[in-house]
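This report goes through a protein model from its sheet and chain interface to its salt bridges. The sequence and coordinates come first.

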Amino acid sequence: MKKFSSKIILAFAALLMVALLTAGCGGSKTENKTAGQSGEPEKLKVGFVYIGPVDDNGWTTAHDQGRKYLEEKLPYVETSYVENVPENPADAERVITQLAEEGNKVIFTTSFGYMDPTINVAKKYPDVIFLHCSGYKNDKNVAAYFGRMYQARYLSGIAAGKATKSNLIGYVAAFPIPEVIRGINAFTLGVQKVNPDAKVKVVWTHTWIDAAAEKDAAVALLDSGADVIAQHQDSPGPQQAAEAVGKFGVGYNSDMGKMAPKAVLTSPVWNWGPFYVQIVQAIKEGKFDSTPKCGSLTYWPGLKDGIIGLAPYGPMVSEETKQLIEQEKQRIISGEWDVFTGPIKDQQGQVKVPDGQKLSDNDMLNMDWFVQGVEGSTK
Amino acid sequence: MNHDIFIAILATAVTAGTPILYAALGEILTERAGILNLGVEGMMLVGAVCGFIIALNTANPWYGILIAMLAGGAVALIHALLTITLKANQVVSGLALTMFGTGLSGYIGKSYVGMPLPAPFHKIALPGLSNIPVIGPVFFNQDPMVYLSYILVAALWFLTFKTRSGLHLRAVGENPAAADSMGVNAFQIRYIYVVIGGMLAGIGGAYLSLYYVPSWMENITAGRGWIAVALVIFATWNPVNALWGSYLFGGIDALGFRLQTLNVNVSPYFLKMLPYIFTVVVLVLVTKRNMVKRIGSPQALGLPYDREER
């Protein structure tokens with residue numbers, strides 16, 4: 001009997017270890033600046049929920065830089081964050097509720113999977129304003145936002161189109177969903193703007209981050225004749241694969257030139273700071289309105305708002321290319337033209353966007369077809 | 001499909017299979033001793049991150065491999081202590097080890113994410129051998145760790161099936177009480193092979209961070225540890241079967257990407273499922289009585305051994 005109970009204790013100890021460790025990696029960290037000193041007006045508390053660690057050099061780092069920028073620009077704001085929050089309803093709702101209970105008046109939830117948890121918690125806290133990144137649901141006090149990353153991808157496509165000699169560009173892509181398809185199309189339009197003969201070949205990896213598999217996919221593309229590798233992936237694996245054989249690449253998320261300096265022409269990157277300042281200011285002035293204006297999104301800022309852009313160019317990018325990209329950038333910023341302005345044909349050669357017309361936000365958000373010049377399948 | 005692409009797919013299958021091969025060889029030894037260690041993924045991750053940090057700071061990948069071995073072995077020692085001495089449930093302890101390794105490696109490697117490695121392993125074409133058509137470019141135009149794995153497979157096969165130590169190892173996995181009564185120290189042997197298993201898993205992880213990628217990313221193994229566990233059964237606890245099995249399992253992803261570049265679309269979900277289907281089929285086969293005898297799967301696998309309960 002003694003033996004039996006000691007086994008049970010051990011099993012429990014092991015289980016406890018599991019529980020502690022899970023809590024350890026999914027744990028939360030709140031960074032609170034000391035509250036306003038006496039006499040100072042009460043600060044506006046803003047909370048952030050992150051999917052990854054703040055130093056992932058990618059998606060979450062970008063949001064966290066936005067948070068720091070917000071705190072720096074608006075002295076009346078006090079921020080806190082919780083990192084590594086799983087997307088399951090139980091954890092996400094618990095963390096969001098906790099932030100609301102702590103007195104945050106504005107809460108940013110920065111991953112797609114937080115959509116329903118955000119909507120649910122928002123119902124219980126009508127005085128708190130919630131902003132959810134990359135989803136499609138809104139409520140009186142919940143607004144969906146995202147960034148027009150496709151504009152930066154179009155610009156990076158110009159650099160790739162100028163760099164290719166084999167006229168074949170490889171694109172390592174995660175999942176065939178509208179966000180990724182839109183990026184591939186915009187990139188291809190950029191390539192063809194400067195190099196109408198060039199093609200973009202897509203390989204799906206079906207993972208957001210697996211450095212080894214992403215690298216294998218890039219190698220497969222390089223072997224099939226591609227000499228520039230673009231990516232919609234979170235690891236620098238594809239860029240390092242291109243560098244290893246002396247070819248070029250276009251990174252994503254953060255400045256991947258740091259990880260593959262000889263290969264990376266540039267990387268489309270996020271810069272949330274200006275948007276976060278803009279939105280919190282609007283809330284402070286009582287101008288918040290969650291009515292969706294861009295398809296299913298309330299806010300869909302782009303180049304004009306400075307929330308996306310290109311990381312510094314590599315030394316191999318010529319002055320002429322840089323100038324051309326700058327011109328195109330100004331054309332988009334001015335609003336006279338956007339990436340998906342017709343005539344645009346699909347892979348079968350059918351006109352999808354007639355001459356002179358712009359694709360609507362809604363059509364862009366639901367894109368499930370490739371433009372002419374892409375080799376690959378959207379399935 | 002032309003000749004070059006065919007060669008390229010096979011060569012990629014060898015590189016892609018090598019991290020799985022090291023981990024599977026380690027798990028074969030561990031399971032041959034009668035201990036199931038589901039912590040392969042965790043041990044690989046700890047090996048990958050420790051190896052990477054050392055290789056980065058010493059600019060020598062061999063030091064990285066050495067430290068990866070020690071780190072993987074140290075993590076395995078926790079499992080040995082829990083399951084052999086304390087007789088805890090092996091499944092629970094192994095699963096805890098995977099979570100522990102994932103968390104620990106992420107914590108240790110935080111400030112190293114994405115950094116390029118100044119001196120990774122490089123390909124070395126073996127003179128003579130690499131000129132053999134097909135076989136040369138596939139097997140003998142690889143990096144030193146791949147060559148080392150060939151030697152290891154042969155050595156472990158010899159050790160397991162042709163030596164007295166191998167007999168003791170198999171005896172402990174088959175029936176620890178009987179082995180113990182014959183004067184074989186079952187506890188000692190189990191400890192040794194669990195730790196060696198962890199060392200090999202550590203090398204498998206370090207192969208990813210020192211050659212394959214070569215860089216550190218959180219969760220760099222992305223499930224390869226689990227494929228190694230499945231591979232052990234697929235290989236029927238035989239190092240030689242593990243060799244070609246790992247190339248088959250590792251090559252599936254690479255094949256999928258190549259097929260996409262040739263505009264052939266095979267569902268990636270189907271491809272990802274294949275290793276496990278193979279494993280299930282082998283599992284069904286090895287439960288047949290006559291097959292059990294022929295393969296010699298360790299009968300005491302997963303059972304704690306207690307001298308007093310004999």
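In what order do the six strands of the open sheet in chain A run, and is the pairing parallel or antiparallel? In this predicted model, the order is E10-E9-E8-E6-E7-E15, and the pairing is parallel. Strand E10 (264–266) and strand E15 (374–375) of chain A each have a single partner strand and stand at the edges, so one side of each has no neighbour in the sheet. As a general point, strands of a sheet pair through backbone hydrogen bonds, either parallel or antiparallel.

**Strands E6 and E7 of chain A**

Six bridges link strand E6 (residues 168–173) of chain A to E7(A), in the parallel sense. Among the paired positions, A:Leu168 has A:Lys199 of E7(A) as its bridge partner, and A:Ala173 stands opposite A:Trp204 in E7(A). E7(A) is largely enclosed by the rest of the structure, because five of its six residues are buried.

**A:His206 and the other chain**

The loop between strand E7 (199–204) and helix H7 (211–223) of chain A contains A:His206. Is A:His206 buried or exposed? Its relative accessible area is 12%, under the 20% cut-off, so A:His206 counts as buried. Leaving aside residues up to four places away in sequence, A:His206 touches A:Ala173, A:Ala174, A:Phe175 and A:Pro176 in chain A, and B:Pro268, B:Tyr269 and B:Lys272 in chain B. With B:Tyr269 there is also a polar contact between the side chains, at 3.2 Å.

**The interface of chain B and chain A**

At the interface, 40 residues of chain B are in contact with 41 residues of chain A. The two chains bury about 3300 Å² between them, and 61% of this is on carbon and sulfur atoms. Of the area that chain B buries against chain A, 18% is supplied by B:Lys110, B:Phe257 and B:Thr261, more than by any other three residues.

Two salt bridges are counted between chain B and chain A. In a salt bridge between B:Arg258 and A:Asp223, the side chains meet at 2.7 Å, N to O. Which elements give two or more residues to the side of chain B that touches chain A? They are helix H1 (3–32), helix H4 (90–108), helix H9 (186–212), helix H11 (239–261) and helix H12 (268–286) of chain B. By class, that side has 22 nonpolar, eight polar and 10 charged residues.

**A glycine in chain B**

B:Gly166 belongs to helix H7 (residues 164–174) of chain B. With a relative accessibility of 0%, B:Gly166 is buried. Not counting residues up to four places away in sequence, B:Gly166 touches B:Leu159 and B:Thr160. The C-alpha atom of B:Gly166 is 9.8 Å from that of B:Ala33, 133 residues apart along the chain.

Chain A has 11 helices and 15 strands. Of its 379 residues, 55% are buried. Among contacts in chain A with a separation of 6 or more, 66% are between residues 24 or more positions apart.

Over all chains, the structure holds 13 salt bridges.

| Salt bridge | N to O distance |
|---|---|
| A:Asp116 and A:Lys137 | 2.7 Å |
| A:Asp361 and A:Arg148 | 3.1 Å |
| A:Glu319 and A:Lys322 | 3.5 Å |

A:Asp361 lies in helix H11 (residues 361–365) of chain A and A:Arg148 in the loop between E5 and helix H5 (149–163), so this pair ties together parts that are 213 residues apart in sequence. Both A:Asp361 and A:Arg148 are buried.

The salt bridge of A:Asp116 and A:Lys137 has a 2.7 Å separation. A:Asp116 is in helix H4 (residues 115–124) of chain A and A:Lys137 in the loop between strand E4 (129–133) and strand E5 (142–145), so the parts tied together are 21 residues apart in sequence. A:Asp116 is partly exposed at 37% relative accessibility, and A:Lys137 is partly exposed at 32%.

A:Glu319 and A:Lys322 both lie in helix H10 (residues 319–333) of chain A, three residues apart, about one turn of the helix. A:Glu319 is exposed, at 53% relative accessible area, whereas A:Lys322 is partly exposed, at 25%. Elsewhere, A:Asp64, A:Arg67 and A:Lys68 are joined into one network by salt bridges that share partners.

Note on methods: Residues are numbered from 1 along each chain as its sequence is written. Chains are lettered from A and ligands numbered from 1 in the order in which they are written. This is a predicted model: local features need pLDDT of at least 70, side-chain atom pairs count only at pLDDT 80 or more; totals for chains, interfaces and linings use all residues. Side-chain values use heavy atoms; hydrogens and water are left out. Helices (H or I, at least four residues) and strands (E, at least two) are DSSP runs, numbered from the N terminus. Buried means under 20% relative accessible area, exposed over 50%, partly exposed in between (1.4 Å probe, protein chains only). A polar contact is a pair of N or O atoms within 3.5 Å; within protein, one must be able to donate a hydrogen and the other to accept it, and residues adjacent in sequence count only if both atoms are side-chain atoms. Contact means heavy atoms within 4.5 Å. Two strands pair if DSSP finds at least two bridges between them. Buried area is the accessible area (1.4 Å probe) that two parts lose on being put together, summed over both. A salt bridge is a side-chain nitrogen of Lys or Arg within 4 Å of a carboxyl oxygen of Asp or Glu. Ala, Val, Leu, Ile, Met, Phe, Trp, Tyr, Cys and Pro count as nonpolar, Asp, Glu, Lys and Arg as charged, and the others, Gly among them, as polar.
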